[in-house]
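Subject: Structure handover

Hello,

Here is the structure you asked to look at. My notes on what was found in it follow below.

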Amino acid sequence: MTARRSITFAFAVLLVVCLLGQAATVHRLDQMRPEKTLEEVLYVPSAKVLQRLSLGYNGLLADIYWTRAVQYFGTRLSSRTKSTRYDLLYPLLDITTDLDRNLIPAYEFGASFLTQTPPLGAGQADNAVKLLKKGVAANPEQWRLYFDLGFVYYLNLKDYAAAADAFRQAGSMPGGNPNVLPMAAASAQLGGDPRVARALWQLTYDQASQDLVRKNAQAHVRSMDLDDAVPYLESKVAQFRAQHGRNPAGWMEMARAGVLPGVPKDPAGDFYRLTADGHVLVQHPDKFPFATRGIPDTE
Amino acid sequence: MPAIEILQLEKTYSVGHLRKSKRVALKPFLLTVEEGEVFGYLGPNGAGKTTTLKLLMGLIAPTGGSARILGRDWRDPEMKRDIGFLPEQPYFYDYLTAEELLAYYAQLSGVAAGDIPQRIARVLDRVGMTANARVQLRKFSKGMLQRIGVAQAIIHDPKLVFLDEPMSGLDPMGRLEVRDLIQSLKDEGKTVFFSTHILSDAETLCDRVAVLNQGELRAVGVVADLTAEVGGKVEVVWQGAKAKPAIEALGGECHTTANLVRAVLAEKQLDPAIDAIRRAQERLISVTPVRATLEDYFLQKLGGGSKVIAGEVKA
Amino acid sequence: MSARIRHIAFNTFREAVRDRVLYNLVFFAVLMAGASILLGQISIDIERQVVVNLGLSAVSLFGVVIAIFIGIGLVAKEIERRTLYTVLARPVRRWEFIVGKFLGLVGTLVVNTFFMALGVFAALLYVARHFERGDLSVAVALYFIVLEFVVITALALLFSSFSSPLLSAVLTFALFIVGTFAEDLRGFAAMTHGAVRGIVTVMAYLMPNFAALNVISQSAHQQPIAGSLILYNTVYAVLYAGAALAGAVLIFERRNLK
């Protein structure tokens, strides 16, 4: 009788120990091979083969690949991890869109993050164009994809004629977005002007549906605004210095001196820092990943 | 030391999925079987005989009570080296040959590897299956399986053997062989506990019997004592047919051969029967006492709920 | 104690063999031979990869099917056919029965995989003409596949201890699929919040994990496989199978046989 109870006890303990142990081991295994499952996408011979192997469940498989991509890159983009495997991004998006040609978010994600340079992107603008051309071919009624294509042509490849063409199509197709048409004209005439770039980022922010893409666009807009604001503010500091012979102690002093109408706020809504030697810096540089002015280390 | 002690074992089943109702398979009872006995466990189907055996073998758990086998707790695995079990309608691994099956079981029961081949040969001889040693069990008839069943129950030379309906599926020759085997087991000093509903086997073989009906133990004792409770019968033989109706009215079934009539009656009907024959002026040939059988016991004692047909108890 | 387990294991192996399980090797041999000959004819420059990918995938698939089909019946069949009665009337402990059955089926799969491995290496030799150091990864991949079998067998046995063969087959197969995507499941769990996160995380860690055990693609490309991965995978398989077997024992100990 006690023998029976001790067997039950022994195996119950064994059950708990093994369950906890295997969970810990799995955790360790995950840490040891963070991208291994994603890496297999590099070994897939072709999407066609994969499609056959998925026995008709290619939609589901596309969803799985897409989710893996978002999960992996999403977390790493937010934290700007240096060791991100961007070499996997294009193959992942390519396979995903081969398995499911209508997975629009995958194309949009590629437009933003294949083009940007590391650590915020793969730095592969040509691949982005390839991906978007594929998307446009399979989804001719999606004006967003034409917009993204024009976007890449304009900002990364500096092909203003091709960009204008793409924007025109995005704006004028049935169901298209007329707000894009000015971009077509702007690309053709003002190619290279930063105002056009800012307008494109703003438009991306307005119409993007994915959180990551929108946040990215917002960061660009803010960074560009910061790059405009800082020289202006520093010129005001110089103006104060010329009038009073020393650098201002703070923004309030500049406001009272009539140099500025009030205490300025940066594009993210925080107050600027005024250094002793007259430089203007932002409090949270990580909100402006693309800015070249107002960032502490670069000044 | 008693071989088996059943101490208020009981088993109740909950039936049904949503609204559970209870079905009592076995009511608590006390029973002791001594070493060296051949003990018969009798009762109609559904009485609880197989349930009792499954409880003792540890195949099902009791809802109450306990048991001791060979002085040890009935769940003690080491005790099982000394017991053998033949279940009702046994199934064995049909992909094994008779030899392989017996070897496997012998190994599991802890028989030393070196002893196994001889034991197999001896036991196969004992149950008359030597010719089929190398035949796969899937080719065996029911009778052959039954013999192998007995063989596996004794291959490891246990002190106590449990047999659930050992005669079932056997032709009269086979049944005789099993009876002889049980007797020889007894001669070896083993205890045999077997359940059956063939009463004549119990009468000839058993030292004691227990009678079970509808989950309840109704009687335990030596056969002679039980039948004595029921009272004797007499067989009356006479010549002529005229007395038949009168005899039948007294409860005797008449069988006529040529012009001799045989009838079996209760002892107390003897005098009225002889009177009836004399009144019919027919010639009385013989009066012979007939011992009461377990059949009579069943009919009388268990009455409602069981019938006896051709020497077997049916529920 | 160990003698009884050994005997039960051997008998389980014998049953599988007499059930003609090993005939699957014939199909496998035909498959590998056919593929090799075909590849020898067309020159596509990736013969090695195809042989390894095809061969190892077939080993894995055949083995999983065998593990499930036999595993689900290990206990259920014995209860159904009542062959268990005469076994449990002997000094065999119920837990010994479970462990013995498990080892018997795993042993069958190891033997089966061994012969299949010979087939894969033979085909590889045929198309590649010689072995290279990188081919050692194929042996590691095969070892991992055996670890996969260990986990699946334990799961099939767990289900067999309390449910019908059909239901066990469905559940085990479902867990096999889930286990292939277990990594994704854990990833999803990390993306949820609050109470849902707790529940999903627990579920995700209860599932079997086959992603780490699948190095078929890597071995096809002759990539080396880290020793630490071999160690942790082994530990994982042993622990997970141990948990499933412990569960099976706890259930079976309590089971009333009909």
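Among contacts in chain A between residues at least 6 apart in sequence, what percentage join residues at least 24 apart? The figure is 53%, with two residues in contact if their C-beta atoms, placed from the backbone, lie within 7 Å.

Please note that this is a predicted model, in which local features need pLDDT of at least 70 and side-chain atom pairs count only at pLDDT 80 or more, while totals for chains, interfaces and linings use all residues. Residues are numbered from 1 along each chain as its sequence is written, and chains are lettered from A and ligands numbered from 1 in the order in which they are written.

Chain A

Chain A has 13 helices and 2 strands (DSSP runs numbered from the N terminus: helices are H or I of at least four residues, strands E of at least two). Its radius of gyration is 26 Å, well over the 19 Å that the globule rule gives for 299 residues, so chain A is more spread out than a compact globule. That radius is taken over C-alpha atoms, and the rule is 2.2 Å times the number of residues to the power 0.38. The C-alpha trace of chain A spans about 95 × 60 × 30 Å along its principal axes.

Contact between chains A and C

Chain A puts 25 residues into this contact and chain C puts in 27 residues. On the chain A side, the elements giving two or more residues are α1 (2–32), α2 (36–43) and α4 (58–79). Of these, α1(A) gives the most, with 17 residues.

Nonpolar cores

A nonpolar core here is a set of buried Ala, Val, Leu, Ile, Met, Phe, Trp, Tyr and Cys residues joined through C-beta atoms within 7 Å; buried means that 20 or more other C-beta atoms lie within 10 Å of a residue's own, all placed from the backbone. The largest core has 157 residues, and L157(C) and L245(C) touch the most other members. Helix α7 (residues 136–160) of chain C gives the most to this core, with 17 residues. Apart from it lies another core, of 55 residues, including F109(A) and L145(A).

Strands of chain B

Strand β11 (residues 233–239) of chain B pairs in the antiparallel sense with β13 (residues 260–266) over 7 bridges, where pairing needs at least two DSSP bridges. W238(B) stands opposite V261(B) in β13(B). β11(B) also pairs with β14 (residues 283–290) of chain B, again antiparallel and over 7 bridges, and there K233(B) has V290(B) as its bridge partner.

Regards

Conventions. A residue is buried if 20 or more other C-beta atoms lie within 10 Å of its own, exposed if 12 or fewer, and partly exposed in between; C-beta atoms are placed from the backbone.
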